[in-house]
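Keep the picture open while you read.

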Amino acid sequence: RGEWGFRAYAVEGDWARALLLYAPLAEAGYEVAQSNMAHLADAAVCKGAEANELSMVLSVSALALEMLSRAAQQGNVDAQIRIGDYHFYGLGTKEDHEQAVAHYRTASESQNAQAMFNLAYMHAHGLGLPRDFHLAKRHYDMAMETTAEAFVPVKLAMFELYAMQLCEQLLLSATVRRLREARLEQEFRDLFVVDGVLQWDTLLIALLIPLLLLVLLLRSRRQRELAPTGGER
């Protein structure tokens, strides 16, 4: 993977010199050199973003995207995913979720779990794709089936997916619409407010009744648990 370029970066920490050493091989079409240049430029973009060095991000991200594109053309799946990330976040190019989807989809055809996960996320949030919870779940399941390392992130993402689906169902349900139309706030005022004064005694009784029923239910269950069975003497 290029001894001098590797030494310049890994030992001396000089990523700019390493880029120059890899450049001739990358221009000659060596995929490893292109991948290494893309990795170095990508790391520089991340460091520049962390340090808020906008000029570094703008100047190096275009080089990173170019090298990633060359590596992806030679079958580098990781480069394909990073190109999708660059389009997703607008690094080195304009933000384009549909282009990001295209690159993630290409990578997913190589059974890449990260690409499947990204497609699932975009289906769930309607980014570059129609919002579709069922397709999102299918892609999350595919990612988890591809590698065991995806288990935890997929489970967390599935929790978010179910929460989003539940919220959408509640917001669209006829029950919620009827509750809104019933003007519950006005009904509350009619029950507990008289002449502009909140009737605390009435409100307190309304709150205590369900609590009392709950206590009675728990007490009845406890008594049944403590009662002797038919076989005991």
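Counting up the pieces, the protein chain has 12 helices and 2 strands. If you follow the chain from its N terminus, the elements come in the order α-α-α-α-α-α-α-α-α-α-α-β-β-α. Keep in mind that this is a predicted model. Of the 233 residues in the protein chain, 30% are buried.

**A look at helix α5**

Helix α5 covers residues 77-89, which makes 13 residues.

Now check the two ends. Just after α5 comes Gly90, which has a positive phi of about 75 degrees.

The buried residues include Ala79, Gln80, Ile81 and Ile83. Gly84, Asp85, Tyr86, His87 and Phe88 are buried in α5 as well.

**Salt bridges**

How many salt bridges does the structure hold? There are 3 of them, and here they are:

| Side chains | N to O distance |
|---|---|
| Arg70 and Glu66 | 3.0 Å |
| Arg82 and Asp85 | 2.9 Å |
| Lys137 and Asp141 | 2.8 Å |

Take the pair in α5 to begin with. Arg82 and Asp85 are 3 residues apart in that helix, or about one turn. Are these two partners buried or exposed? Arg82 has a relative accessible area of 25%, so it counts as partly exposed. Asp85 has a relative accessibility of 13%, and buried means under 20%, so Asp85 counts as buried.

Next up is helix α4 (residues 54-73), where Arg70 and Glu66 lie 4 residues apart, again about one turn of the helix. Arg70 is partly exposed at 23% relative accessibility, and Glu66 is partly exposed too, at 38%.

Then there's helix α8, made of residues 133-146. Lys137 and Asp141 are 4 residues apart in it, so about one helical turn separates them. Lys137 comes out as partly exposed, with a relative accessible area of 32%, and Asp141 is partly exposed at 22%.

Why does that kind of spacing work for a pair in a helix? An α-helix has 3.6 residues a turn, so residues three or four places apart point the same way.

**Rings side by side**

Searching the whole structure turns up 2 aromatic pairs. One of them is formed by Phe88 and Tyr89, in an edge-to-face arrangement with 4.9 Å between the centres and 75 degrees between the planes. The planes count as edge-to-face because the angle is over 60 degrees.

**A nonpolar patch**

Finally, look for a group of nonpolar side chains on the surface. Ile205, Ile209, Leu212, Leu213 and Leu216 make up a nonpolar patch there, and together they have about 500 Å² of accessible area. Leu212, one of the patch members, belongs to helix α12 (residues 200-226). With 51% relative accessibility, against a cut-off of over 50%, Leu212 counts as exposed.

Terms used
Residues numbered from 1 in each chain as written. Predicted model: local features only at pLDDT ≥ 70, side-chain atom pairs only at ≥ 80, totals over all residues. Heavy atoms only, no water. Phe/Tyr/Trp six-rings, centres within 6.5 Å; stacked < 30°, edge-to-face > 60°. Patch = residues over 30% accessible without salt bridge, like charges linked within 9 Å, V, L, I, M, F, W, Y side chains within 5 Å. Areas by Shrake-Rupley, 256 points an atom, 1.4 Å probe, with all protein chains shown as cover. Salt bridge = Lys/Arg side-chain N within 4 Å of Asp/Glu carboxyl O. Buried < 20%, exposed > 50% of the residue type's maximum accessible area, 1.4 Å probe, protein only. Expected span 1.5 Å × (residues − 1).
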